[in-house]
Amino acid sequence: MGAFVIMKMKMYPSYLNLSKKEFKKRIEKSFKLLENCRLCPRECGVERLRGELGFCGLKELPMISAYHPHFGEEKVLVGQFGSGTIFFTSCNLSCVFCQNYEISQLRIGKEVSFEELAKIMIELQEKGCHNINLVTPTPQVPQILKSLFLAREMGLKIPLVYNTNSYDSLETLKLLDGIIDIYMPDAKYSDNEIAKKYSKAPHYFEIMKKAIKEMYRQVGDLKIQKGIAIRGLLVRHLVLPNNLAGSPKIFEFLSREISENTFLNIMNQYHPYYKASEYPGLARKISKEEFEGAVVLAKNFNLKRLYF
Ligand code: SF4
């Protein structure tokens, strides 16, 4: 007699498929990382659950600065109703040219409860947003997971965008496997000394490369349906004056070690915000030639899905 095979249909977004047991395990593991904090590559070793502060200055509760449907992101995230963006307070980098320095470095924001953060996600979904766009999520992954668990119970069913500077640890990223559908990492620098000088980010290039490889392993190339990104990797690269971002090595890495089909946003909006004018190399906008040169280079590396 033939046996019936019951095929379980995969739901979308991915986090809907995670069993409660597995979800709780991930939350537990992530909070464990806050004891002697090693949530991100800085590995500050502070007891965040007891209120000790590391580089990011964050404790146990989520801390946010703003949230709203955002229409300034990439078209594939924005669609008709916007990307449901949550700006998390603080950052594990310290870029001298940060355009959001009030949020990232002055840390203007407020602590909210896990329930409040869950309700914010639901509110953005009710406004019609196509996704929940988590800006600078790295130092708050446990808080996000705990709130997402609650939001799922409340009916959240839109995908998450992990919008990161790529200073992420593999241990933390692995906890997000099967939860995040769209990874949006920055590829900021290919020179570690420059990364250290302008963003206080030792070993940035190696850390970024490992992180992006792991993200790609989880979600692959970006898939777009009816003009909206549904799953995959979307890389951002901000061109800096005087080639300080080291664009050629970034493009080479993406093309050879990730995929020639990487969806890559080459950004031209560098402006000497915050303390940038104190650094001669960063004290001006980029020229048309610098930007066009970067685009030509990316094409020469055979990167096929350029967005600018
Ligand atoms: S999350 Fe914050 S405290 Fe923890 S290692 Fe990173 S910067 Fe340090």
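## Cysteines, ligand shell and overall fold

The sulfur of Cys91 lies 6.2 Å from the closest cysteine sulfur, that of Cys95, which is too far for a bond. A disulfide requires a pair of cysteine sulfur atoms within 2.5 Å, and the structure, a predicted model, holds zero disulfides. Cys91 counts as buried, with a relative accessibility of 11%. Cys44, by contrast, is partly exposed, and its relative accessible area is 37%.

| Residue | Relative accessible area | Class |
|---|---|---|
| Cys91 | 11% | buried |
| Cys44 | 37% | partly exposed |

Cys44 also belongs to the set of residues around the ligand. Three further cysteines, Cys37, Cys40 and Cys56, are part of this shell, together with Leu39, Glu43, Arg48, Gly54, Phe55 and Pro139. By residue type, the shell comprises seven nonpolar residues, one polar residue and two charged residues. The ligand itself sits in the largest cavity.

The C-alpha trace spans about 70 × 50 × 35 Å along its principal axes. For 308 residues, a compact globule would have a radius of gyration near 19 Å, and the value for the protein, 19 Å, agrees with this expectation. Of these 308 residues, 54% count as buried.

Note on methods: Residues are numbered from 1 along each chain as its sequence is written. This is a predicted model: local features need pLDDT of at least 70, side-chain atom pairs count only at pLDDT 80 or more; totals for chains, interfaces and linings use all residues. Side-chain values use heavy atoms; hydrogens and water are left out. Buried means under 20% relative accessible area, exposed over 50%, partly exposed in between (1.4 Å probe, protein chains only). A residue is near a molecule or strand if one of its heavy atoms lies within 4 Å of it. On a 1 Å grid over the protein atoms alone, a cavity is a set of points where a 1.4 Å probe fits but cannot get out, and a pocket is an open set with protein on both sides within 12 Å along at least five of seven lines; lining residues have an atom within 4 Å of a point. A molecule sits in a cavity or pocket if more than half of its atoms lie within 2 Å of its grid points. Ala, Val, Leu, Ile, Met, Phe, Trp, Tyr, Cys and Pro count as nonpolar, Asp, Glu, Lys and Arg as charged, and the others, Gly among them, as polar. The radius of gyration is taken over C-alpha atoms; the globule rule is 2.2 Å times the number of residues to the power 0.38.
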